[in-house]
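Dear colleague,

I am passing on the structure we spoke about, and I would be glad if you could look through it alongside the notes below.

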Amino acid sequence: MAFIDTGGSKSSSFQEGSKLYIALLTLVATLGGLLFGYDTAVVNGAEKSLVEFYIYKENGGNYLFDPNTIFTLIGQYRMLMVIVLYLIFVVIGAQMMGLLGKKKGGIVSAVMLGGLTIWAVSFLFKALPALSDVEEMKNTADAVKGFVIASALIGCIIGGASAGFISKSLGRKNGLFIAAIAFFVSAVGAWRPETFNVFGTLPVYSFVIYRIIGGIGVGIASMISPVYIAEIAPAKVRGKLVSFNQFAIIFGMLVIYFVNLIIARQGNEQWLITDGWRYMFLSGAIPAAIFIILLFFVPETPRYLALKGKDEKALSVLEKIAGKESAKNILADIKSTLHEANAPWLSYGFGVILIGILLSVFQQAVGINVVLYYAGNIFRNMGASTDSSLLQTIIVGVVNLTFTVVAIVTVDKFGRKPLMIIGSIGMAISMIALGFTFYTEHVGIVALIFMLFYTAAFAMSWGPVCWVLLAEIFPNSIRGALSIAVAAQWIANWIVSLTFPMMNDNVWLTNIFHHGFSYWIYGIMGILSAIFMWKLVPETKGRTLESIEELWKKKK
């Protein structure tokens with residue numbers, strides 16, 4: 001939420017402040033976005049090594065399981081899955097309480113947790129697969145694989161849901177400190193999960209817990225980094241400065257793609273399986289440590305300082321940002337806007353909430369994080385070596401970054417809906433065509449082209465533009481309801497990332513569809529997302545926030 005929204009002479013008075021100071025504060029805050037992208041994409045280069053080191057090895061189509069650990073692996077997976085789902089359902093329950101009111105929300109939460117308890121008992125005591133049944137054992141191991149690879153997203157759900165409380169009670173700067181520390185602890189812990197295993201689990205699940213800690217940092221940064229930027233940014237350039245956070249996320253992904261390739265080339269395939277992947281995760285400690293150090297030199301935002309009654313400190317920061325002549329007037333305007341409405345989340349009906357949730361869910365259901373997390377796996381299925389797959393992943397990252405810039409410079413010119421619909425159609429065509437290249441077993445350069453076309457379509461539409469829409473459609477008086485959409489996005493992200501190995505590596509599906517099945521599912525979701533945008537989502541280009549609010553009042 002921006003700390004001031006001035007017009008005319010007031011916004012121009014910001015020119016008297018230090019542009020360099022504003023730029024440096026923005027740069028520090030965007031490190032949260034960079035670490036967001038870095039941490040979520042690091043698993044891409046390590047995915048194959050993690051599977052072979054901890055879960056199973058593949059040798060000429062034969063799957064080798066360690067008989068001494070496989071049943072313990074499955075048993076602890078079931079236990080942790082139950083614990084994780086309970087945590088997620090508690091988060092959902094808290095969101096439902098905010099949406100429906102405490103009494104109704106509590107009833108819904110109790111029903112949800114009761115159903116989860118019944119499922120948990122049946123899941124925990126489900127018979128273990130026989131070691132001799134290789135196909136069933138492989139399918140179970142793939143479920144474990146999805147859980148391990150997507151584990152950071154569990155933390156993202158928790159961190160994203162708690163970020164609002166943290167930023168309000170502890171401050172924006174302290175929230176970024178917590179995120180930075182979580183990034184650092186996760187990087188070091190995931191490097192040596194055996195050494196730092198204080199959880200009493202198998203080492204692979206010590207790794208999972210450290211990844212969850214990193215995910216909490218991602219979830220917190222995903223909300224607080226753009227909020228910090230918005231609250232220190234001059235009104236005239238606020239949109240541009242906030243958009244740099246999305247750019248930083250994609251740039252962080254591209255950086256780790258290069259880092260993964262460099263590390264992979266330091267040894268042979270066996271070294272990568274035993275040690276190389278560790279350094280991929282440890283590398284994240286460097287930008288995390290830099291982030292922690294730089295945060296000591298940035299101030300809290302003026303709006304938060306004013307909210308806590310620290311007017312002198314707020315004025316000091318404003319003088320650096322806006323200049324001494326206008327700082328006092330701006331502080332007065334800030335204080336006049338601190339009395340925010342606390343309207344019930346359903347004040348404008350359920351439509352705006354539903355659209356926010358569906359925007360978030362479709363952003364993930366089209367399969368983008370399958371590309372970001374499993375690109376190396378996909379390229380290896382195309383027949384590429386480990387080095388070649390990592391190099392092709394870098395190409396994906398460059399395309400992603402390039403077309404994100406295209407979206408940033410065109411979204412205010414062409415509008416939100418056209419970009420989103422065109423992107424949906426482009427993604428649908430790409431994924432359906434990619435599925436057919438696998439199904440017909442004609443993978444190669446054509447499959448790579450479809451993968452790049454899909455990435456470009458997402459990057460110029462649903463990647464950055466979805467966040468623009470989410471920021472615009474929620475009226476100010478129910479802005480807290482945005483947390484429901486954010487939580488839904490991380491949950492959808494986790495489900496998609498968790499289920500991809502189950503679909504893509506399932507023995508029965510692979511025998512029939514040759515790895516093509518999952519891409520057709522994402523292609524169908526692309527078609528549905530286009531219909532959703534066309535029929536239900538209003539165009540917000542050129543509208544004031546007040547006129548968008550009036551639109552929801554009319555539809556109520």
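Predicted model: local features only at pLDDT ≥ 70, side-chain atom pairs only at ≥ 80, totals over all residues.

Residues are numbered from 1 along each chain as its sequence is written, and side-chain values use heavy atoms, with hydrogens and water left out.

The protein has 25 helices and 2 strands (DSSP runs numbered from the N terminus, with H or I over at least four residues for helices and E over at least two for strands). Of its 556 residues, 58% are buried, where buried means under 20% relative accessible area, exposed over 50% and partly exposed in between, with a 1.4 Å probe and protein chains only.

Ser-186 lies in helix 8 (residues 172–191) and is buried, at a relative accessible area of 1%. Leaving aside residues up to four places away in sequence, Ser-186 touches Asp-39, Tyr-210, Arg-211, Ile-213 and Gly-214, a contact being heavy atoms within 4.5 Å.

On the surface, Phe-297 sits in the loop between helix 12 (285–295) and helix 13 (302–307), and Phe-297 is exposed, with a relative accessible area of 66%. Lys-313, placed in helix 14 (residues 311–322), likewise counts as exposed, at 53% relative accessibility.
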